[in-house]
Amino acid sequence: MTFKVFKVFFARTSVGAEGLPLSGFLAESVRQHGQNLPMLDVSGERFQMRDMHLVGTVWKGTFVKLRDDAPHVVAANDQEHELDLEEGEHLIEKCHFLLRTRGNVLVWQANRSAGGMSRAENYLSSLFDTAVLLPHVMNDAELDGVLNGQLYELDFAYDRPPAVPGRAPRWNQDAFDMMAGIDAAHAKFTLRAPRNGGLADQAKQMVRQILGTPGTGKVRIKLAEDKELIELFMAPLKDSLKVEMIGRYPLAVHVFEGLEEAFNRQRGSIPRLDDDR
């Protein structure tokens with residue numbers, strides 16, 4: 001038997017300027033199109049969400065990359081030849097996910113060959129004709145060690161998103177409004193305390209929010225005036241699952257079981273929302 005380990009990431013979902021949960025939009029799309037949603041072009045590649053079904057309050061599905069550029073194979077006689085695809089047929093690379101409607105938590109099997117959550121954001125934004133964001137749930141424990149003391153300076157870059165999600169932090173809305181007013185797509189910010197001083201404690205919460213916001217890059221902090229800038233990297237909460245491979249892919253039921261187990265292990269590290277049960 002061959003086993004493979006996949007990383008598992010966790011995210012929230014936010015649709016449109018109001019920041020609505022994705023689950024209602026998926027339900028409507030499944031009513032319109034069935035369990036396999038439309039194939040769409042994203043940056044010159046084709047993607048699709050497939051096998052969508054709701055079990056209780058949890059959506060289960062796959063996100064797939066569709067390919068028509070079939071690779072060559074080497075036969076047993078050591079001769080190379082093409083894989084023949086019929087008209088309209090595609091090869092697929094896929095990953096599995098759960099979307100828990102209670103708590104609005106996306107549990108995602110990472111598989112880079114299938115495109116990842118950034119491609120899923122673009123696919124869903126195109127499908128629903130509005131901005132869809134899937135910000136990672138952050139691993140606050142890894143940040144606590146760095147943010148344990150006083151901060152002197154905060155430096156970060158920000159790419160204006162298509163829309164600011166609902167319940168967005170105030171700094172995000174302010175930056176968005178300022179940039180939108182002058183049609184700016186990219187900005188850099190440096191927030192520095194007075195000499196021999198420190199930023200207010202709210203700056204630490206702002207750092208956590210910045211690291212979890214799509215479009216931010218090179219977040220750096222100084223702990224004191226005479227210290228060097230420290231670059232912080234996004235530290236998403238993550239887990240893993242181990243499944244038996246049946247050919248190129250594992251059985252979907254085993255992946256979904258592994259995703260549920262990963263969620264249960266990390267449940268205490270995922271901030272609760274008002275509608276959590």
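Student: What makes strand β11 mostly covered?

Tutor: Remember first that this is a predicted model. In β11, residues 153-159, six of the seven residues are buried. A residue counts as buried under 20% relative accessible area.

Student: How do you know that β11 and strand β12 pair?

Tutor: Pairing takes at least two bridges. β11 and β12 (residues 186-192) have seven bridges, in the antiparallel sense, so they pass that test. As one example, A157 stands opposite K188 in β12.

Student: And what makes β11 and strand β13 a pair?

Tutor: Here there are five bridges, again antiparallel, with β13 covering residues 216-222. At least two are needed, so this counts as pairing too. E153 has K222 in β13 as its bridge partner.

Student: Why is E93 called buried?

Tutor: E93, which lies in strand β8 (residues 91-100), has a relative accessible area of 8%. Beyond its neighbours within four places in sequence, E93 is in contact with several residues, including F63, K65, S113 and R248. The C-alpha atoms of E93 and R248 are 9.6 Å apart, although 155 residues separate them along the chain.

Student: Why is helix α1 called oblique to helix α2?

Tutor: Helix α1 (residues 23-33) and helix α2 (residues 116-128) pack at about 60°, with axes 12 Å apart. Roughly parallel needs an angle under 35 degrees and roughly perpendicular starts at 65, so α1 is oblique to α2. Where they touch, F25, L26 and S29 in α1 meet L124, L127 and F128 in α2. By class, that contact has five nonpolar residues, one polar and no charged ones.

Definitions and conventions. Residues numbered from 1 in each chain as written. Predicted model: local features only at pLDDT ≥ 70, side-chain atom pairs only at ≥ 80, totals over all residues. Heavy atoms only, no water. Axes fitted to C-alpha atoms, helices over the stretch in contact; angles between N-to-C directions. Helix = DSSP H or I, 4+ residues; strand = E, 2+ residues; numbered from the N terminus. Parallel < 35°, antiparallel > 145°, perpendicular 65-115°, else oblique. Contact = heavy atoms within 4.5 Å. Nonpolar A, V, L, I, M, F, W, Y, C, P; charged D, E, K, R; others polar. Buried < 20%, exposed > 50% of the residue type's maximum accessible area, 1.4 Å probe, protein only.
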